[in-house]
Amino acid sequence: MFDAILIDKDDSGQTVSVTKLDDDRLPEGDVTVRVACSTLNYKDALAITGKSPVVRSFPMVPGIDFSGVVEASSSADWKAGDRVVLNGWGVGERHWGGLAGKARVKGEWLVPLVPAFSMEEAMAIGTAGYTAMLCVMALERNGVTRSAGPVLVTGAAGGVGSVAVALLAKLGHEVHAVTGRAEEADYLTALGASEILPRADFTEPGRPLGKERWAGAVDVVGGQVLANVCAQMRYRGTVAACGLAGGMSLPATVAPFILRGVTLAGVDSVMCPREDRIEAWRRLGEDLDPKLLAGIVQRLSLAEAIPAADRLIAGKVRGRIVVPID
Ligand code: NDP
């Protein structure tokens, strides 16, 4: 038996609770993992609160991420005792996820846990941090070098934003951070941001083209904020867009793209090919100082993670939440 968060739904609505489950109830898969740690991402919070139709079948164990040790495997790639990480692939949406003592998944979804990180550090990073790394890699592919100019991060005090600030600063970029929480200025400065910009500067409709400010940007917000960021990119700058914390729309014009050669680079972590995931985790091991992770995480139990989902959606959580599993 193991503990799990279980989301169920019937005619009267969605219920979420911590439940004891038997191994027999685990879904199909060729690798069974004893989960050491999971985490709460924005998408997990959407699943737990039911605010968005993230969960595709019920009952569902949420948790798009986990780290753990292989307990049993019929996959040629894995053997008992291997340290593994899983991010995405529809786990926690279509297939039972990581907010549980055990998970059974396809071996091809797993990546080896790089030696640089403990199980808990891997989850302090989680999908949020691995997506931040994919965004940094997208900027690099598009020629955003240290000397090209400052790089902007929106939603900076959240999960993706915090790791993006830390990574970009460690790589030597001048990092400007946009936050709606002025009280997090010291936190962002400690992660490496040299300028803190209020979110309010980005939320009103702006001109199609503004002053050229940034060579690169990581945007987790979407909506008007993303439109205003695009309008203020330097000539041939690149925006890596990965989120919708501020909305799904994009009320922009084509002016930045056709007059300044700006690139809008989409970033998806869920179906990202395995080679890119392995590279992103290798780079995280190289470019992210594990000591910084201690300052961005808070630990919650499975039971505590349920009410935390509301706080996360409300944008009140700083950095990352990890959920160690006993
Ligand atoms: P968090 O909730 O931790 O962070 C989001 C941050 O965005 C908040 O902390 C806040 O930062 C800011 N924010 C929240 N609401 C608004 C708003 N209405 N307007 C403007 N800014 C807002 O979430 P994550 O960092 O985990 O995820 C961020 C986004 O990235 C989400 O939309 C998520 O779905 C997406 N995502 C996408 C992935 C992909 O594969 N494409 C993978 C992972 C995440 P502050 O207070 O500093 O302003």
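Two ground rules. This is a predicted model: local features need pLDDT of at least 70, side-chain atom pairs count only at pLDDT 80 or more, and totals for chains, interfaces and linings use all residues. Residues are numbered from 1 along each chain as its sequence is written.

Domains. The assignment gives domain 1 (2-113 + 292-324) and domain 2 (126-266). Such bounds come from an automatic or database domain assignment. The C-alpha centres of the two lie 28 Å apart. In contact across the boundary are 14 residues of domain 1 and 14 residues of domain 2. Contact here is C-beta atoms, placed from the backbone, within 7 Å. On the domain 1 side, helix α8 (residues 290-296) gives the largest share, three residues. Helices are DSSP runs of H or I, at least four residues, numbered from the N terminus. By class, that side has four nonpolar, seven polar and three charged residues. Nonpolar covers Ala, Val, Leu, Ile, Met, Phe, Trp, Tyr, Cys and Pro; charged is Asp, Glu, Lys and Arg; the others, Gly among them, are polar.

Now the ligand. Where does it lie? Both domain 1 and domain 2 give residues to its shell, so the ligand lies between them. The shell counts 32 residues, with Gly155, Ala157, Gly158, Gly243 and Gly246 the closest. The cut-off is a C-beta atom, placed from the backbone, within 6 Å of the molecule. Helices α1 (42-49), α2 and α3 (159-170) each supply at least two shell residues.

Next, the core. The largest nonpolar core has 111 residues, and among the members touching the most others are Ile5, Ala132, Cys135 and Ala240. Helix α2 (residues 119-141) contributes the largest share, 14 residues. Each domain gives the core at least three residues. By core I mean buried Ala, Val, Leu, Ile, Met, Phe, Trp, Tyr and Cys joined through C-beta atoms within 7 Å. Look at Cys135. Beyond four places in sequence, Cys135 contacts Ala164, Val218, Ala240, Cys242 and Val267.

Last, Leu259, in helix α6 (residues 255-259). Leu259 and Arg236 are 23 residues apart in sequence and 9.4 Å apart in space, C-alpha to C-alpha.

Technical notes
A residue is buried if 20 or more other C-beta atoms lie within 10 Å of its own, exposed if 12 or fewer, and partly exposed in between; C-beta atoms are placed from the backbone. Two residues are in contact if their C-beta atoms, placed from the backbone, lie within 7 Å.
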